[in-house]
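The entries follow in the order I made them.

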Amino acid sequence: MLNVKSIAAIAATAALSLALFGCAQTSSVSSASSQDAGSDTTASSEMLSVNDTPQPSAAKSKSTSDAGVPKSAADDASLLRAELAIEEDYRDSFVHGDKGSKFQKYIVLHDTEGDGDASGVINYWDGSGAGVASHFVVNKDGTVWQCVPLDKIAHHAGFGDTGHNELYGVEDESRDDKVGTVPIGDWAADYGMNSYSIGIEMVHVGGSGDYPTEQLEALDKLIAYIDAYYGLESEIIDHKAWRSGNSDTSEEFAGYLANYQDHRSYK
Ligand SMILES: [Zn+2]
């Protein structure tokens, strides 16, 4: 879920925003810290260890065509994108600056915390006026929508725990205009993740049950596409690793997340 918390807290529509568009961040600091301090520590440790051993995936594009000519990552990306049949629904209000390929480090996974399909989610984001959006939304049936180009910064991760800019190596925030964002407190003072990541929202409500196979298979392909597009394997994290207190991704996704982080597939 996206970080509209500060806006939602101010607006009288806080309940509506959570219902429609989840990312149910706990709105109190004490609740956030008591609930997630432990897991956040774990996530941070894993992050550091994984960061120490980056795995550039240029090897992925070493396959050859029938003619024996090495295929470029761009060719792979085009094929994967075509296979996904991504629905494009770009909105100017979701763009917050340029995000060149050299800044790509992370794929941040979210749950929408609502049952509305991708089209409705994108319309809701646009209508909220908060400027929030992820690059992609994956429906339960496996259809994928994109509302922010890969070379643009989207507001999907928002402010993270204090110290996370340094921990995640995302300290330069200068490319992000931060329009529509409001700091939410001393415990979440860092903001750099948006400038270094691609956000993917899965239509899912935490606690509602398992993710459909069609949705997980689409996520596999979408991650493969993003890998091919950049020619590297971005670090995969979920939103609550960036900001403790976020609900997403949900507990039902924990095993899948571990698999994605280990071998980039839900299985
Ligand atoms: Zn989220």
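Which residues does E171 touch, not counting residues up to four places away in sequence? I found N165, E166 and G192, where contact means that the C-beta atoms, placed from the backbone, lie within 7 Å.

I noted that this is a predicted model, in which local features need pLDDT of at least 70, side-chain atom pairs count only at pLDDT 80 or more, and totals for chains, interfaces and linings use all residues. Residues are numbered from 1 along each chain as its sequence is written.

I placed E171 in the loop between α6 (164-168) and β5 (197-202); helices (H or I, at least four residues) and strands (E, at least two) are DSSP runs, numbered from the N terminus. E171 has 15 C-beta neighbours inside 10 Å and therefore counts as partly exposed (buried is 20 or more other C-beta atoms within 10 Å, exposed is 12 or fewer, partly exposed is in between). The C-alpha atoms of E171 and G192 are 5.7 Å apart, although 21 residues separate the two along the chain.

Next I looked up the largest nonpolar core, which has 51 residues. Such a core is a set of buried Ala, Val, Leu, Ile, Met, Phe, Trp, Tyr and Cys residues joined through C-beta atoms within 7 Å. I107, V138 and L222 have the most contacts inside this core. The element that gives the most to this core is α7, with 11 residues. Leaving aside neighbours within four places in sequence, I listed the contacts of I107 as S197, I198, I200, I223, I226, S234 and I236.

Notes:
Contact = placed C-beta atoms within 7 Å.
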